[in-house]
Amino acid sequence: MSSLQQLQRKVKTVVSPFHELLCSLHVLYQPEHHPKRLQWAKDIKRQMPPDLLEAIDTLGRLSDQWMGLMLPGRSGTPLPVTGGINLLKELPDAEFIHLLLNNKISLGTILEWQQGNSRTGRKPGGGPDEASQYLLQHTASVRNLLLKTLETYERDYFRKEWDYVMPWISTAAAQFQEALSRSAEKALNTLHPRLRAAEGRITAQKAETYYFAYEDLQNVYVLPSTFIFPHLLIDWTADSLVLPLAVDIPGLPCSEAPPEDLLRQFKALGDATRLRILRLLWQGPHCTKQLAPLLGISEAAVSKQLKLLSEAGLAGAERKGNYLFYTSRKEAFDSLIVMQRQYFEQ
């Protein structure tokens with residue numbers, strides 16, 4: 001059997017209400033990045049009580065903008081909202097933390113942290129970072145807040161929206177499945193401008209480029225969503241790949257304004273002194289007393305520029321003794337590449 005024939009058998013379209021619920025929460029957490037859902041987010045947020053809005057924001061920060069809860073590897077069958085909530089309720093603590101952190105920390109490392117052994121971690125100094133530490137210390141309360149938030153949001157807000165979008169999602173899923181039956185490669189190549197299926201592999205361009213050989217995949221799940229545009233939302237396990245199908249609902253207002261955080265970052269980068277500061281921070285932590293003579297400006301002027309860089313999310317600080325040491329947030333530059341491409345592709 002040829003690789004194309006094998007690919008044809010591996011791709012499956014899956015309509016998952018729980019996935020759509022999480023995508024909608026991602027939009028509520030970061031609405032300006034979703035021009036076709038921005039007005040919906042503004043309208044629904046006006047209806048929500050402050051405690052629910054605060055919970056959505058808090059959980060979004062703890063779960064990689066709600067993306068960490070997509071339950072990779074369980075996408076092969078439609079997952080109702082109650083099924084997704086029950087899975088989250090039953091997960092062991094270590095797996096729950098692993099999921100919230102979007103698989104960025106290994107399960108083995110989290111188990112070590114739980115046992116008080118923090119010799120391994122993402123930071124050069126060892127142990128868990130601030131977000132991981134918080135989850136380790138407050139696992140039960142975070143889980144309770146998550147379950148309560150999901151149940152309230154689904155009952156009071158999402159259920160009505162699902163009834164509205166379900167016909168559009170079902171139609172798009174059926175049309176995509178029909179396209180798959182004619183040519184899996186051609187169908188996959190319609191999913192996103194930065195996704196390509198050709199020459200025996202699927203290529204996805206995000207901050208970095210990912211390659212998935214047809215022969216290494218047992219399953220390719222395509223999940224339709226009316227919320228996920230313009231993101232290229234992909235997820236994978238050892239042998240499965242999850243891809244997005246953006247479902248368009250005609251008549252929805254679409255904002256052409258660039259996201260505020262994208263504008264802040266471009267403005268922060270549009271200055272020679274701030275670029276020089278970032279270049280120094282890229283090489284390692286510096287305090288204002290170190291930076292001032294290197295730049296030939298006063299410490300007060302350095303502090304002003306560092307504040308702008310920090311507000312844009314491009315720099316962060318950590319206190320050591322009497323001084324704040326600033327570092328570049330390198331992951332923010334990866335996000336910037338993706339954000340600008342998403343805006344241009346809209």
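Glu331 is partly exposed, with 44% relative accessible area. In this predicted model, Glu331 forms a salt bridge with Arg329. The closest N and O atoms of that pair are 3.2 Å apart. Arg329 is likewise partly exposed, at 36% relative accessibility.

The salt-bridge count comes to eleven. Among them is the pair Arg155 and Asp156, whose closest N and O atoms lie 2.9 Å apart. Relative accessibility is 49% for Arg155, which counts as partly exposed. Asp156 is also partly exposed, at 42%. A further salt bridge joins Lys289 and Glu299, with 3.4 Å between the closest N and O atoms. Lys289 belongs to helix α13 (residues 288-295) and Glu299 to helix α14 (residues 299-311), so this pair ties together parts ten residues apart in sequence. Lys289 is partly exposed at 44% relative accessibility. Glu299 is partly exposed at 34%.

The domain assignment divides the chain into domain 1 (3-246) and domain 2 (260-345). Their C-alpha centres are 30 Å apart. Twelve residues of domain 1 contact eight residues of domain 2. About 900 Å² is buried between domain 1 and domain 2, and carbon and sulfur atoms give 50% of this area. On the domain 1 side, His33, Arg194 and Ala207 lose the most area to domain 2. Together these three residues account for 50% of what that side buries.

The domain 1 side that touches domain 2 consists of four nonpolar, five polar and three charged residues.

Conventions: Residues are numbered from 1 along each chain as its sequence is written. This is a predicted model: local features need pLDDT of at least 70, side-chain atom pairs count only at pLDDT 80 or more; totals for chains, interfaces and linings use all residues. Side-chain values use heavy atoms; hydrogens and water are left out. Domain bounds come from an automatic or database domain assignment. Contact means heavy atoms within 4.5 Å. Buried area is the accessible area (1.4 Å probe) that two parts lose on being put together, summed over both. Ala, Val, Leu, Ile, Met, Phe, Trp, Tyr, Cys and Pro count as nonpolar, Asp, Glu, Lys and Arg as charged, and the others, Gly among them, as polar. A salt bridge is a side-chain nitrogen of Lys or Arg within 4 Å of a carboxyl oxygen of Asp or Glu. Buried means under 20% relative accessible area, exposed over 50%, partly exposed in between (1.4 Å probe, protein chains only). Helices (H or I, at least four residues) and strands (E, at least two) are DSSP runs, numbered from the N terminus.
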